[in-house]
Amino acid sequence: MAVKRNTWQREAVREALDSRDGFVSAQGLHQGLRDAGSPIGLATVYRALADLATVGEADSLQSPEGESLYRACATTGHHHHLICRSCGLTVEIEATEVEQWAKRTASDHGFTEAQHIVDIFGLCHQCASAKA
C-alpha cells in the first residue's frame, strides 16, 4: 500500500475528527469544517476519512441506518464498540467471547483468516433515564 501524503486537508480532517466526541458522518464533519471557514470539499473529507480508517487512525462503522460514521481511534488493535443511538456516546470494549465464537464458527465452516466487526447500539444510562 502506498503511503499517503499528509496534506493540509488531511490534517484538517484529522484535527476535526480529534475534536469530536463519538462518531460523526463525513457530511457532519464537512459541515463543521465549513462552519469554521475551511474551504475543504466534501469529496476530500470522504477520501481523508477513508485513508485515516485504512491506516488505523480512525474507527469506521455503519450506523443502523446504513450511513458510514467515523471517529478518532482511541485504541490501537482490534476492538468493538457500545454506541448510544441518542447522544453518540461510544465505549470501546473487548469481547473475548465474540472473538472465540467468530474463530470457532469460521473454523466449523472451513474458513480461515476470518475477520469480523461487532458494534452494539443502544441507549446509554443518561439517555435511557431521560427517556423514562
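The model is predicted. Mean pLDDT over the chain is 88, and 96% of the residues reach 70 or more. The fold includes an open antiparallel sheet in the order S1-S3-S2. An open sheet with mixed pairing has the order S5-S4-S6. The structure also holds four salt bridges.

**Confidence**

- Among the elements of the chain, H2 has the highest mean pLDDT, at 96.
- S5 has the lowest mean pLDDT of the elements, at 84.
- Where pLDDT is low, the predicted coordinates should not be read in detail.

**The S1-S3-S2 sheet**

- Three strands make up this open sheet, and their pairing is antiparallel.
- Its edge strands are S1 (24-25) and S2 (58-62), and each pairs on one side only.
- S1 and S3 run antiparallel and are joined by two bridges.
- Val24 has Tyr70 of S3 as its bridge partner.
- S2 and S3 are also antiparallel, with five bridges between them.
- Gln62 has Ser68 of S3 as its bridge partner.
- S2 and S3 form a hairpin, with five residues between the two strands.
- Gly66 sits in the turn of this hairpin and has a positive phi of about 95°.

**The S5-S4-S6 sheet**

- This open sheet also has three strands, and its pairing is mixed.
- The edge strands are S5 (90-93) and S6 (119-122), each of which pairs on one side only.
- Neighbouring strands of the sheet are turned by 20° against each other on average, direction ignored.
- S4 (residues 80-84) runs parallel to S6, and four bridges join the two.
- Leu82 stands opposite Ile120 in S6.
- Strands of a sheet pair through backbone hydrogen bonds, either parallel or antiparallel.

**The nonpolar core**

- The largest nonpolar core has 16 residues.
- Val13, Leu17, Leu29, Leu33, Ile40, Val45 and Leu49 touch the most other members of this core.
- Helices H1 (8-18), H2 (26-35) and H3 (42-54) each give two or more residues to the core, as does strand S3 (68-72).
- Leu49 touches Val13, Leu17, Ala26, Leu29 and Tyr70, leaving aside residues up to four places away in sequence.

**Salt bridges: the Arg14 network**

- Side chains of opposite charge can pair when their charged atoms come close.
- Glu11, Arg14 and Glu57 are linked in a network of salt bridges.
- Arg14 forms a salt bridge with Glu11, and the closest N and O atoms are 3.1 Å apart.
- Both Arg14 and Glu11 lie in helix H1, three residues apart, about one turn of the helix.
- Arg14 also meets Glu57 in a salt bridge, at 1.8 Å from N to O.
- Glu11 is partly exposed, with a relative accessible area of 26%.
- Glu57 is partly exposed as well, at 37% relative accessibility.

**Salt bridges: Arg71 and Asp59**

- Arg71 forms a salt bridge with Asp59, with the closest N and O atoms 3.4 Å apart.
- Arg71 lies in strand S3 and Asp59 in strand S2, so the pair ties together parts that are twelve residues apart in sequence.
- Arg71 counts as buried, at 10% relative accessibility.
- Asp59 counts as buried, at 6% relative accessibility.

**A loop residue with positive phi**

- Glu113 has a phi near 50°, a positive value in a residue other than glycine.
- Glu113 lies in the loop between helix H4 (96-108) and S6.
- Glu113 counts as exposed because its relative accessibility of 77% is over the 50% cut-off.

Note on methods:
Residues are numbered from 1 along each chain as its sequence is written. This is a predicted model: local features need pLDDT of at least 70, side-chain atom pairs count only at pLDDT 80 or more; totals for chains, interfaces and linings use all residues. Side-chain values use heavy atoms; hydrogens and water are left out. Two strands pair if DSSP finds at least two bridges between them. Axes are lines fitted to C-alpha atoms, for helices over the stretch in contact, and angles run from 0 to 180 degrees between N-to-C directions. A nonpolar core is a set of buried Ala, Val, Leu, Ile, Met, Phe, Trp, Tyr and Cys residues joined through side-chain atoms within 4.5 Å. Buried means under 20% relative accessible area, exposed over 50%, partly exposed in between (1.4 Å probe, protein chains only). Contact means heavy atoms within 4.5 Å. pLDDT is the predictor's confidence in each residue, from 0 to 100. A salt bridge is a side-chain nitrogen of Lys or Arg within 4 Å of a carboxyl oxygen of Asp or Glu.
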